[in-house]
Amino acid sequence: MKVLFVCTGNTCRSPMAAGILKKKLESRGIKDIIVDSCGFISGGMSASSYAVETAAKNGINLSGHKSKVINASLVSSCDLILTMSVGHKDDIIRNFPQARGKTFTIMGFSGKAGSIEDPMGKSRDVYEKTFNELYCIIDGILDKIIKL
């Protein structure tokens, strides 16, 4: 099973979400779920400094992260694609119609409405708020992901 998190630049939200899920799976001893992340722009970029710092405070190392741009190979290799916004979900389905049945907003997959705010260019506090929101959502959907 492979889970892919998607945001705009793959430097803030999606790497934090991937790091959170990896840590939660590791703490349960689950090794058969692969977690990855990507975005729509600018491959090869590091995670933002506040994302790295916020994740590190929570025992997650994003220092070696390099952004990836979504592509057909990534989409086809995944069983579940979780986006940070409805716009991301719609863009994926429009560009990769084969992803329709496996692409959801992370909020929708958790049974809630809304999107995860993009912290890019905002304060450390906004990054921490975003991280905590992702942490709580992923905690709530962890069993659902494991059962897929």
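Student: How many of the 15 residues of helix 1 are buried?
Tutor: This is a predicted model, in which local features need pLDDT of at least 70 and side-chain atom pairs count only at pLDDT 80 or more, while totals for chains, interfaces and linings use all residues. Residues are numbered from 1 along each chain as its sequence is written, and side-chain values use heavy atoms, with hydrogens and water left out. Helices (DSSP runs of H or I, at least four residues) and strands (runs of E, at least two) are numbered from the N terminus, and a residue is called buried under 20% relative accessible area, exposed over 50% and partly exposed in between, with a 1.4 Å probe and protein chains only. Helix 1 is mostly covered, and the number of its residues that are buried is eleven.

Student: What elements cover the buried residues of helix 1?
Tutor: The buried residues include R13, M16, I20 and L25. Contact here means heavy atoms within 4.5 Å, and the cover includes strand 1, strand 2, helix 2, helix 4 (86–95) and helix 6.

Student: Which residue with a positive phi follows helix 1?
Tutor: Most residues other than glycine have a negative phi. After helix 1 the backbone takes a phi near 75 degrees, and the residue with this positive value is G29.

Student: How far apart are the end C-alpha atoms of helix 1?
Tutor: The expected span of a helix is 1.5 Å times one less than its number of residues. For the 15 residues of helix 1 this comes to 21 Å, and the model agrees, because the end C-alpha atoms are separated by 21 Å.

Student: Which element gives the largest share of the lining of the largest pocket?
Tutor: On a 1 Å grid over the protein atoms alone, a pocket is an open set of points with protein on both sides within 12 Å along at least five of seven lines, unlike a cavity, where a 1.4 Å probe fits but cannot get out; lining residues have an atom within 4 Å of a point. The largest pocket is lined by 15 residues, and those nearest its centre are A18, G19, K22, N61 and L62. Two elements each give two or more residues to this lining, helix 1 (13–27) and strand 2 (34–38). The largest share, six residues, belongs to helix 1.

Student: What volume does the largest pocket have?
Tutor: Grid points are joined across faces, edges and corners, and a volume is the space filled by probe spheres set on the points. Counted in this way, the largest pocket has a volume of about 230 Å³.

Student: At which residue does helix 6 bend?
Tutor: Helix 6 covers residues 124–147, and its 24 residues reach 34 Å from first C-alpha to last, close to the 34 Å expected. A bend is the angle between axes fitted to the seven residues ending at a residue and the seven starting there. In helix 6 this angle is about 45 degrees, and the residue concerned, which is also among the buried ones of the helix, is I141.

Student: Which elements do the buried residues of helix 6 pack against?
Tutor: The buried residues include V126, T130, L134, I137 and I141. An α-helix has 3.6 residues a turn, so residues three or four places apart point the same way. The elements against which the buried residues of helix 6 pack are strand 1 (2–6), helix 1, helix 2 (49–57), strand 3 (80–83) and helix 5 (106–109).

Student: Is N10 buried or exposed?
Tutor: N10 is found in the loop between strand 1 and helix 1, and its phi is near 60 degrees, a positive value in a residue other than glycine. Because its relative accessible area is 0%, N10 is buried.

Student: What relative accessibility does S42 have?
Tutor: S42 is in the loop between strand 2 and helix 2, and although it is not a glycine, its phi is positive, about 55 degrees. S42 counts as partly exposed, because its relative accessibility is 38%.

Student: Which residues are in contact with H88, leaving aside its neighbours within four places in sequence?
Tutor: H88 is in helix 4 and is buried, with a relative accessible area of 7%. Its C-alpha atom is separated by 8.0 Å from that of T105, 17 residues apart along the chain. With neighbours within four places left aside, the residues in contact with H88 are V6, C7, T8, R13, F40 and T83.
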